[in-house]
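Reader: I would like to talk through this model with you, one question at a time. Could we begin with the terms and then turn to the strands and side chains?

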Amino acid sequence: TVASSGTNAHNDIGIDLDVNTASLGTSSAIGLDVDVVGATSGTHTSTGMDINVSGSDNNHGLDITVPDVSGDYHIRLFAADDVNDYATFRLKDTGDLEITTVDSAAATGDITITADGDIELATEGNGFVRLDSGTAIYLDSAYSGGSSVYFSQGDTSNYAVIGRSNSGVSTNFRLYEGANLG
């Protein structure tokens, strides 16, 4: 009940689930196991969890805290057709976010980002963006001229052009700090 005058503090919890477990053998504990099974006898949509948080000064959709210990992770997404194919999200105590993919049949657990707009990789301070594949890095542009153009942020007069000929032969290049690209 909310008082009609004065100031009252409320700490409301819809479901408070505490699981404390101990074992002398090998065991596991699951805090919440949700199974949603739909049907196809019509048009059905099943949602495992729908979180909507609003109306506060600060709204938090999901807070997950996990120790930074080898083998621990924050989120693991499993493929329904093969649970041995998965992606793992882990936040280390240094603030590093690790995203790892595993394809049990081959090394093809790619990460694909399709944006309806720009993709921005930004670092704070004097950080840098490192592209390291171990073999080759492919930069492909939809520009019909066959070249990719890379600009310095906020200054379109400083740029590098990576071009290719009509035969598809790639052009090797190297950029040095402070190089005159004009």
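Author: Gladly! Two strands pair if DSSP finds at least two bridges between them, and strands (E, at least two residues) are DSSP runs numbered from the N terminus. This is a predicted model, in which local features need pLDDT of at least 70 and side-chain atom pairs count only at pLDDT 80 or more, while totals for chains, interfaces and linings use all residues. Residues are numbered from 1 along each chain as its sequence is written, and side-chain values use heavy atoms, with hydrogens and water left out.

Reader: Which residue in β3 is the bridge partner of R90?

Author: β2 and β3 run antiparallel and are joined by six bridges. R90 lies in strand β2 (residues 86-91). Its bridge partner in β3 is E98.

Reader: How far apart are the closest N and O atoms in the salt bridge of R90 with D68?

Author: A salt bridge here is a side-chain nitrogen of Lys or Arg within 4 Å of a carboxyl oxygen of Asp or Glu. For R90 and D68, the closest N and O atoms are 2.5 Å apart. This pair links distant parts of the chain, since D68 is in the segment before β1 (75-78), and the two are 22 residues apart. So the value you want for R90 and D68 is 2.5 Å.

Reader: Is R90 buried or exposed?

Author: Buried means under 20% relative accessible area, exposed over 50%, and partly exposed in between (1.4 Å probe, protein chains only). R90 has a relative accessible area of 17%. Because that value is under 20%, R90 counts as buried.

Reader: Which residues do salt bridges that share partners join into one network?

Author: The side chains of R90 and E98 meet in a salt bridge at 3.2 Å, N to O. E98 also meets K92, at 3.9 Å, N to O. Salt bridges that share partners make one network of D68, R90, K92 and E98.

Reader: How accessible is I99, by its relative accessible area?

Author: I99 is placed in strand β3 (residues 97-102). I99 is partly exposed, because its relative accessible area is 43%.

How values were computed
Helices (H or I, at least four residues) and strands (E, at least two) are DSSP runs, numbered from the N terminus.
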